Amino acid sequence: MTATLPLRTCADNDVEERLSIAFFNNVRDVTPGPQQNIEWEQLVKRLRKRDIREAKDGPLFSLVAMRPGSTRGIAGVTALSGAVLDLDEVPDLAAVQASIAGFEYVLYTTHSHGEKGSRCRLVLPFKRPIAPNEWAAVWVALNELLGGVLDPNASDIARISYLPSCPKSREHLATFNHNRGAWVDPEALLRTSPSVTGDASNVIRLDTYKWNYKSNAAAVGGIRLSPDDSQGASKGSRNDALTRLLGRWFGQGLSSEEALAKAREWNTLNRPPLPDEEVLRTHASIARKHESSMSSSVSPIQPSEVVVLASRRHTVSWGTANAVKPLFSLEAARIDRLI
């Protein structure tokens, strides 16, 4: 079921008309410029301007307020004033736009658009800033609203996005669209109860958070949680489960030896168990991905659990959970297709 939200225009008296934003000079820059609070129309004007350059790297932004003196990363974010969402390889972009036709947004193509297929960014201003511990619930509701097209690997709080650019050779492919309408109301998003669609073909994976919506600990809006390491997997799903479990264990801080021991122990529960050499190959592949991610990481990823409580005014609590954000694409790391 697609979420439906009430329309609120930026003319409403209780709408925050200025957005907190942080700018960075390039992808290696970990220290933002001075904190800015700009009018939405100013941001629209800046996003309308497209830099023509051959190199992808350049100025980036994030719709967040940051603690004074903090560097880029989750720990420095105090609030989010809007959402900047990745729409990459969306099969029906027109359908996505139709789902938010009544809302205020900017949609623009990125530097890689046309070279690696369709690459777009969707920028939505919030009716009020949200706290970091509300973002996960808001992200899931937005994904439901958009038809489940968002990538969980691009859902972190401190994510930064390039300002529009493109090379001269693909300038004719670049597009920009400013849609007038409602500012997204976070309260309405937090009240939204997505339907559970665990058997749907477009189930998304979000190992970043362990969810409990109205005491429903199974799944929300098609989210499939990380495999249960106390249960084995059947033939045809063993490699996928092992890949995801290893990613989770490495993300939790286990050493390579500890992760391998757990993988072998878990494998004994499978029906039938994988050959040990296959467990070793999968472990080695995930370990390499993990080491590469850690060496290029800007800031440590914080484990998190979100519990959305049903009440007249919904509250969100932020605690510690076993499930943590994958440090790389587990799907891309699968090796069962190669052996």
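How many salt bridges does a search of the whole structure find? The search turns up 17 of them. Keep in mind that this is a predicted model. Here's a quick tour of some of those pairs, plus one network.

**Glu41 and Arg180**
- Glutamate 41 pairs up with arginine 180 in a salt bridge, and their closest N and O atoms sit 2.5 Å apart.
- Glutamate 41 is partly exposed, at 36% relative accessibility, whereas arginine 180 counts as exposed at 53%.

**Arg46 and Asp51**
- Arginine 46 and aspartate 51 also form a salt bridge, with 3.6 Å separating the closest N and O atoms.
- Aspartate 51 is buried because its relative accessibility of 18% falls under the 20% cut-off.
- Arginine 46 has a relative accessible area of 23%, so it's partly exposed.

**Arg170 and Glu115**
- The side chains of glutamate 115 and arginine 170 meet in another salt bridge, at 3.5 Å from N to O.
- Here too, distant parts of the chain are linked: arginine 170 is in the loop between β10 (165–166) and β11, glutamate 115 is in the loop between β7 (105–109) and β8 (119–130), and the two are 55 residues apart.
- Arginine 170 is buried, at 15% relative accessible area.

**A network**
- Salt bridges also link Asp86, Asp88, Arg121, Asp156 and Arg159 into a network.

Methods: Residues are numbered from 1 along each chain as its sequence is written. This is a predicted model: local features need pLDDT of at least 70, side-chain atom pairs count only at pLDDT 80 or more; totals for chains, interfaces and linings use all residues. Side-chain values use heavy atoms; hydrogens and water are left out. A salt bridge is a side-chain nitrogen of Lys or Arg within 4 Å of a carboxyl oxygen of Asp or Glu. Buried means under 20% relative accessible area, exposed over 50%, partly exposed in between (1.4 Å probe, protein chains only). Helices (H or I, at least four residues) and strands (E, at least two) are DSSP runs, numbered from the N terminus.
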